[in-house]
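Please examine the sequence and the structure shown below.

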Amino acid sequence: MRPKHCFLGFLISFFLTGVAGTQPARESLKPQRVQFQSRNFHNILQWQPGRALTGNSSVYFVQYKIYGQRRWENKEDCWGTQELFCDLTSETSDIQEPYYGRVRAASAGSYSDWSMTPRFTPWWE
């Protein structure tokens, strides 16, 4: 029975150190505090890096949509950016429409889930 326990121990340590140790979990990559900041109808989407991302090795992907639409639109200028913000002023120009933005991170071949903003209406902000 001892060989089975050794093999089981090997498998557990392999998965814990080989997978989790080299690739951050999706949740730890996920951008935090994703929100719109608006001043005089200049609308900037901002976020903080996920818990696992402290260096400059990560890139971010930004999408937006109007409330009620099914399809998300890519923001080409912020597709694969290393910045922690994205100017969505042109995309949110109808000041009475409610919008959503979302961001995902990538690092070392791993992608996070999307982090979405609360509903944002430029007129109210």
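The account begins with the basis of the model and then turns to its sheet.

This is a predicted model, in which local features need pLDDT of at least 70 and side-chain atom pairs count only at pLDDT 80 or more, while totals for chains, interfaces and linings use all residues. Residues are numbered from 1 along each chain as its sequence is written, and side-chain values use heavy atoms, with hydrogens and water left out.

Three strands, in the order E1-E2-E5, form an open sheet with antiparallel pairing. Strands are DSSP runs (E, at least two residues) numbered from the N terminus, and two of them pair if DSSP finds at least two bridges between them. Strand E1 (32-39) and strand E5 (85-87) each have a single partner strand and stand at the edges, so one side of each is left without a neighbour in the sheet. From one strand to the next, the twist averages 20 degrees; the axes behind such angles are lines fitted to C-alpha atoms, and angles run from 0 to 180 degrees between N-to-C directions. Strand E2 (residues 42-48) is joined to E5 by 3 bridges, and the two run antiparallel. Isoleucine 44 stands opposite aspartate 87 in E5.

The aromatic rings come next. A pair of aromatic rings is described by the distance of the centres and the angle of the planes. Rings of Phe, Tyr and Trp (its six-membered ring) pair if their centres lie within 6.5 Å, and planes under 30 degrees apart count as stacked, over 60 as edge-to-face and the rest as tilted. The whole structure contains 6 aromatic pairs by this search. One of them is the stacked pair of phenylalanine 36 and phenylalanine 120, at 4.2 Å centre to centre with 15 degrees between the planes. This pair links distant parts of the chain, since phenylalanine 36 belongs to strand E1 and phenylalanine 120 to the segment after strand E8 (115-116), 84 residues apart. Phenylalanine 36 is buried, with a relative accessible area of 10%, and phenylalanine 120 is buried at 3%. Here buried means under 20% relative accessible area, exposed over 50%, and partly exposed in between (1.4 Å probe, protein chains only).

Phenylalanine 41 and tryptophan 123 have ring centres 6.2 Å apart and planes at 15 degrees, so this pair is stacked. Because phenylalanine 41 lies in the loop between E1 and E2 and tryptophan 123 in the segment after E8, the pair ties together parts that are 82 residues apart in sequence. Phenylalanine 41 is partly exposed, with a relative accessible area of 39%, whereas tryptophan 123 is exposed at 51%. Elsewhere, ring pairs link Phe61, Trp79 and Tyr111 into a cluster.

Asparagine 40, in the loop between E1 and E2, has a phi near 55 degrees, a positive value in a residue other than glycine. Asparagine 40 is exposed, with a relative accessible area of 72%. Alanine 108 lies in the loop between strand E6 (99-107) and strand E7 (110-111); its phi is near 50 degrees, which is also a positive value in a residue other than glycine. At 65% relative accessibility, alanine 108 is exposed.

Finally, serine 112 lies in the loop between E7 and E8 and is buried, at 0% relative accessibility. A polar atom of the serine 112 side chain lies 2.8 Å from the backbone nitrogen of alanine 105. Leaving aside neighbours within four places in sequence, serine 112 is in contact (heavy atoms within 4.5 Å) with Arg26, Leu29, Lys30, Pro31, Arg104 and Ala105.

Terms used:
Helix = DSSP H or I, 4+ residues; strand = E, 2+ residues; numbered from the N terminus. Polar contact = N/O pair within 3.5 Å; in protein donor to acceptor, adjacent residues only side chain to side chain.
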